[in-house]
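Welcome, and let us take a walk through this structure together. Have the sequence and the 3D view at hand as you read.

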Amino acid sequence: MKKQFFMVLLMLLTISVSAQESGKRKVATMPDENGYIVFEGDQCPDFTIKLTDGQEVTLSSLKGKVVMLQFTASWCGVCRKEMPFIESDIWQKHKDNADFALIAIDRNEPLETVLRFAEATKITYPIGLDPGADIFAMFAIRDAGITRNVLLDRTGKIIKRTRLYNEKEFASLVKAIEEELGKDK
């Protein structure tokens with residue numbers, strides 16, 4: 001009995017990370033029902049990602065912009081369903097807005113696969129590579145499903161998260177982007 005108690009305690013201590021002070025990223029003690037370990041109001045974890053064109057982008061360099069992160073993979077049928085809507089309803093509408101950035105983060109696939117995927121889905125927004133799903137694991141349990149989107153305000157704070165694709169939730173994401181872009185800097 002003591003051994004089981006200590007094993008449970010050790011497990012809880014392992015997954016539990018306390019919130020850090022003033023403005024630093026808080027880490028969830030437990031994932032939500034969608035596997036997220038980050039929440040609205042959290043400062044987004046920083047990372048550097050290599051895009052399919054070879055350019056590297058560090059998320060913190062985008063502060064001052066409204067940023068949408070889309071977690072995806074070529075084998076994800078729901079991603080393939082959602083991506084044309086991201087292309088038409090978000091990217092084509094805001095791609096020329098200097099206050100907006102959109103990056104797809106492809107989970108654990110080689111460059112050639114990702115390029116074929118972008119071509120097949122006819123998307124033109126930037127896609128970055130996430131070998132080993134290490135960036136994904138900053139946002140959700142490593143083996144949690146995709147598609148998922150994370151929207152950040154101009155300070156890098158998470159203001160919206162979505163999971164899977166449904167029209168109502170997607171419309172609320174589109175609206176949140178427009179509202180955030182409409183705010184004064």
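What follows goes from the sheet to the helices, and then to the side chains. Please keep in mind that this is a predicted model.

Seven strands form an open sheet in the order 2-1-5-4-3-6-7, and their pairing is mixed. Strand 2 (56–58) and strand 7 (158–163) stand at the edges with a single partner strand each, so one side of each has no neighbour in the sheet. From one strand to the next, the twist averages 30 degrees.

Helix 2 (residues 77–94) lies across strand 3 (66–72), strand 4 (100–107) and strand 6 (148–152), and runs at about 160 degrees to strand 3. Helix 3 (residues 111–121) also packs on the sheet, where it touches strand 3, strand 4 and strand 5 (127–130). The direction of helix 3 makes about 150 degrees with that of strand 5.

Next come the aromatic side chains, with seven aromatic pairs in the structure. In one of them, the ring centres of Phe 85 and Tyr 165 are 5.3 Å apart and the planes are at 10 degrees, so this pair is stacked. Its two members are 80 residues apart in the chain: Phe 85 belongs to helix 2, while Tyr 165 sits in the loop between strand 7 and helix 4 (167–182). Phe 85 is partly exposed, at 33% relative accessibility, whereas Tyr 165 is buried, at 13%. Elsewhere, Phe 47, Phe 71, Phe 136 and Phe 139 make up one aromatic cluster.

Tyr 36 brings rings and charges together. Arg 148 lies over the face of Tyr 36, 4.4 Å from the ring centre, and Arg 161 lies over the face of Tyr 36 at 4.6 Å. Arg 161 is also linked with Asp 32 and Glu 40 in a network of salt bridges.

One joins the side chains of Arg 154 and Asp 99, at 3.7 Å from N to O. Arg 154 is in the loop between strand 6 and strand 7, and Asp 99 is in the loop between helix 2 and strand 4, 55 residues apart. Both Arg 154 and Asp 99 are buried. Another salt bridge, at 2.9 Å, connects Asp 134 and Arg 142; Asp 134 is partly exposed at 45%, and Arg 142 is partly exposed at 40%.

Methods
Residues numbered from 1 in each chain as written. Predicted model: local features only at pLDDT ≥ 70, side-chain atom pairs only at ≥ 80, totals over all residues. Heavy atoms only, no water. Pairing = 2+ DSSP bridges. Helix = DSSP H or I, 4+ residues; strand = E, 2+ residues; numbered from the N terminus. Axes fitted to C-alpha atoms, helices over the stretch in contact; angles between N-to-C directions. Contact = heavy atoms within 4.5 Å. Phe/Tyr/Trp six-rings, centres within 6.5 Å; stacked < 30°, edge-to-face > 60°. Buried < 20%, exposed > 50% of the residue type's maximum accessible area, 1.4 Å probe, protein only. Lys NZ or Arg CZ within 6 Å of the ring centre and 35° of its normal. Salt bridge = Lys/Arg side-chain N within 4 Å of Asp/Glu carboxyl O.
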